[in-house]
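Work through these exercises with the structure open. Try each task before you read its solution.

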Amino acid sequence: MSDPPGQPVEELDQNAGRDAPPSGPSGWGELRAQLQEWRAAVDGALPPWWPRAMAVIAIAFAIVLPFFFSLDSDFMNATIIAVAYAVMSLGLNIVVGFAGLLDLGYVAFYALGAYSLGWFGSDFFFKAHIHVLVSKVASTLPGIHLNFILILIAAALICALAGMLIGLPTLRLRGDYIAIVTLAFGEIIAVVAVNGQSVQLGGGMTLTAGNLGISAVDSPYFPGVGMFNELNLRPWYWLILGVMLFVLFVNLRLRDSRLGRAWIALREDEVAAVSMGIPLVRTKLMAYSMGAAFGGMAGAFFGTYFTVVNADQFQFGFSIFILSMVIIGGLGSIWGAVAGGLLLGYINYYLIPHVLNTLPSKFGLNFQLTEIEFGIYGFLLVMMMILRPQGLIPERRRRLELTAKVGVAQSERELAEPSAYDTTGVNE
Amino acid sequence: MRVDHVVKEFGGLVAVDDVSLDVPQHSIVSLIGPNGAGKTTLFNMLTGLYKPTSGRVLLGKRDITHKRPDIITSLGVARTFQNIRLFGAMTAVENVVVGRHVRMRAGLFGSVLRLPSVRREERAVRERARELLAYVGLRESAFDLLAAQLPYGDQRRVEIARALASEPTLLLLDEPTAGMNPNESAALTSFMRKLRRELELTILLIEHDMKVVMDVSERVTVLDHGHKIAEGPPEEVRADPRVIEAYLGTPQS
């Protein structure tokens, strides 16, 4: 923050003293200020290509990561799921974080994405015989068998369309009411998934397989790589990493674009945004369908990775789980969404079941940690809200807002100066 | 712009009742009246936020009565708000860039691929935003501060710059001098004249400060309880007994 030189420093200190909690240790504020100063100094000293270099290093590290672990380790399994969660979290962040539309039915797009995989990558529609770019084995089977990349695209398109349809009735609503409508849609999709086994499509084929699940779904197959299998998790990892990087790239590009700014403007003040010429319907539906498309891609991946598309996977709790990732990461923050997705993915699939699960028994307690995992998430969320409400990696804007104390002090000074609308000195 | 027998009812309440209004090109017209007279409601109808119950709004020869707000903005109407409505979490520059939304072309795929045309547009728009902020008199050190961090007077400037970014032909200002001292109001008055002269704007403003109204406007329209009670040059309106009555009440004889 630029502080004009020669301004009295006491004024700022007084401000800080007044805003700090009276009971807190007085060293905290100083320490924090010192840290911020250092951080600013470090930021200033780094060359402009630094962020790009960091990104390249991070991506390179992510690509070679599997070589440090065995082919089918639990850690790789957890990593794959965590990365897929990050994709979902990035998708939901567009709707909730950028556009400010609280969506509690995100599980609907998990379901639709997974069913896209079930429909187009198994023998579920056994009357059809459609095969596009699949393995030799799959091309002899009945049903629709598309290459996984085509299924990803199909899932994204189907979900984008569904996202628009779900978005339409919420357009006239605001705030909490949007949450209720989207929640209802999430539940509707879940119920349709269960009862879809009674929806006859002719020839003995049904819409879904309900709680029996569509199983024996195709594993991804690429010429030269062969068919993916559960003994070697590395190809799965690289596949979902590629999807995640793609989604991340789209997010980063959109954030600083005309569309991204329109979303944030709508979030900040809908009336002003509309008066400034932002088309309400199109912009909101765009947010819904983009978020849905990414959720659908992750859903299709989960479908093939878990080798089954089962109606009981699509619970309301899943929507909340993804929303927690977005919030823990930092609402509206792209890197936060990635961090939140990875963190909760690892906690859920690695830390609790594989590292800490037997911890209670070491203290002579007769339960396993997996039994109280939702309690743990709840605890984490509450701690997060108390200690760091802006999230792990807050959005740049929110960070500015939270460090805005200097700006406020400045504005109080300037309000006293009668200078507004002084046209002198302007290029007349 | 022409407003033709416009009526707006909210349930049983008639907020604006059969108001007609003419805003000739390149003129500065003021809309005055006591609180609750329906001035802002009328503004909201002109910008498409409200749909009139009956009547028409014409921009040039075009009927914009039932057009969406974003379409009306693209046709050249921009506005500011009575209680400043900036996008608080965006910087001053970004606020102005959003104001330019309707004059930009970048689409979804162009933005993701960052095509050369999109890149060029983005750079030009940011440059233009800085020019506009300088034009309304914001100091350069404030350009990249969040709007919410700016002092009140600067927020008003940014709001005008944001409205100008859409290249309007008609600018609607809703109580632009609210909260200003006499010096600031006088400066704004001359700024409005400058806007008309340099940007060839037509300005319609809602104003309570009679000094500003008398000083700047060619015509004044007075609303009271949703009715138009007077219209004409400032001196004439000031002398109109019905206006005096609306503002001061009936004189006791």
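**Exercise 1. Find what share of the 428 residues in chain A is buried, then describe the chain's make-up.**

Step 1. Keep in mind that this is a predicted model. A residue counts as buried if 20 or more other C-beta atoms lie within 10 Å of its own.
Step 2. Apply that cut-off to chain A. Buried residues make up 41% of its 428 residues.
Step 3. Count the elements. Chain A has 17 helices and 9 strands.
Step 4. Turn to contacts in chain A between residues at least 6 apart in sequence. Of these, 75% join residues at least 24 apart.

**Exercise 2. Describe how α4(A) and α13(A) pack.**

Step 1. Locate the helices. α4 of chain A spans residues 74-98, and α13 of chain A spans residues 334-355.
Step 2. Recall what is needed. Two packed helices are described by the angle between their axes and the distance between the axes.
Step 3. The angle is about 145°, and the axes are 7 Å apart.
Step 4. The crossing of α4(A) and α13(A) is right-handed.
Step 5. Sort the contact by class. It holds 16 nonpolar, 8 polar and 1 charged residues.

**Exercise 3. Trace the strand partners of β1(B).**

Step 1. Start with β1 (residues 2-10) and β2 (residues 13-22) of chain B. They pair in the antiparallel sense over 6 bridges.
Step 2. Pick one bridge. V6(B) is partnered by V19(B) in β2(B).
Step 3. Look at the turn. The hairpin has 2 residues between the strands, and G11(B) takes a positive phi near 60°.
Step 4. Find the other pairing. β1(B) also pairs with β4 (residues 54-59) of chain B, antiparallel over 4 bridges. Here V7(B) has S54(B) as its bridge partner.

**Exercise 4. Which helix of chain B gives the most residues to the side that touches chain A?**

Step 1. 48 residues of chain B are in contact with 38 residues of chain A.
Step 2. α7(B) gives the most, with 7 residues.
Step 3. Classify this side of chain B. It has 24 nonpolar, 15 polar and 9 charged residues.

**Exercise 5. Is α3(B) mostly covered or uncovered?**

Step 1. Check burial. 8 of its 8 residues are buried, so by the cut-off of 20 or more C-beta atoms within 10 Å the helix is mostly covered.
Step 2. Name some. Among them are E94(B), N95(B) and G99(B).
Step 3. Find the neighbours. The buried residues of α3(B) pack against α9 (258-268) of chain A, together with α5 (116-135) and α6 of chain B.

Definitions and conventions
Residues are numbered from 1 along each chain as its sequence is written. Chains are lettered from A and ligands numbered from 1 in the order in which they are written. This is a predicted model: local features need pLDDT of at least 70, side-chain atom pairs count only at pLDDT 80 or more; totals for chains, interfaces and linings use all residues. Two strands pair if DSSP finds at least two bridges between them. Axes are lines fitted to C-alpha atoms, for helices over the stretch in contact, and angles run from 0 to 180 degrees between N-to-C directions. A crossing is left-handed if the near helix is turned anticlockwise from the far one by less than a right angle, and right-handed if clockwise. Ala, Val, Leu, Ile, Met, Phe, Trp, Tyr, Cys and Pro count as nonpolar, Asp, Glu, Lys and Arg as charged, and the others, Gly among them, as polar. Two residues are in contact if their C-beta atoms, placed from the backbone, lie within 7 Å. A residue is buried if 20 or more other C-beta atoms lie within 10 Å of its own, exposed if 12 or fewer, and partly exposed in between; C-beta atoms are placed from the backbone.
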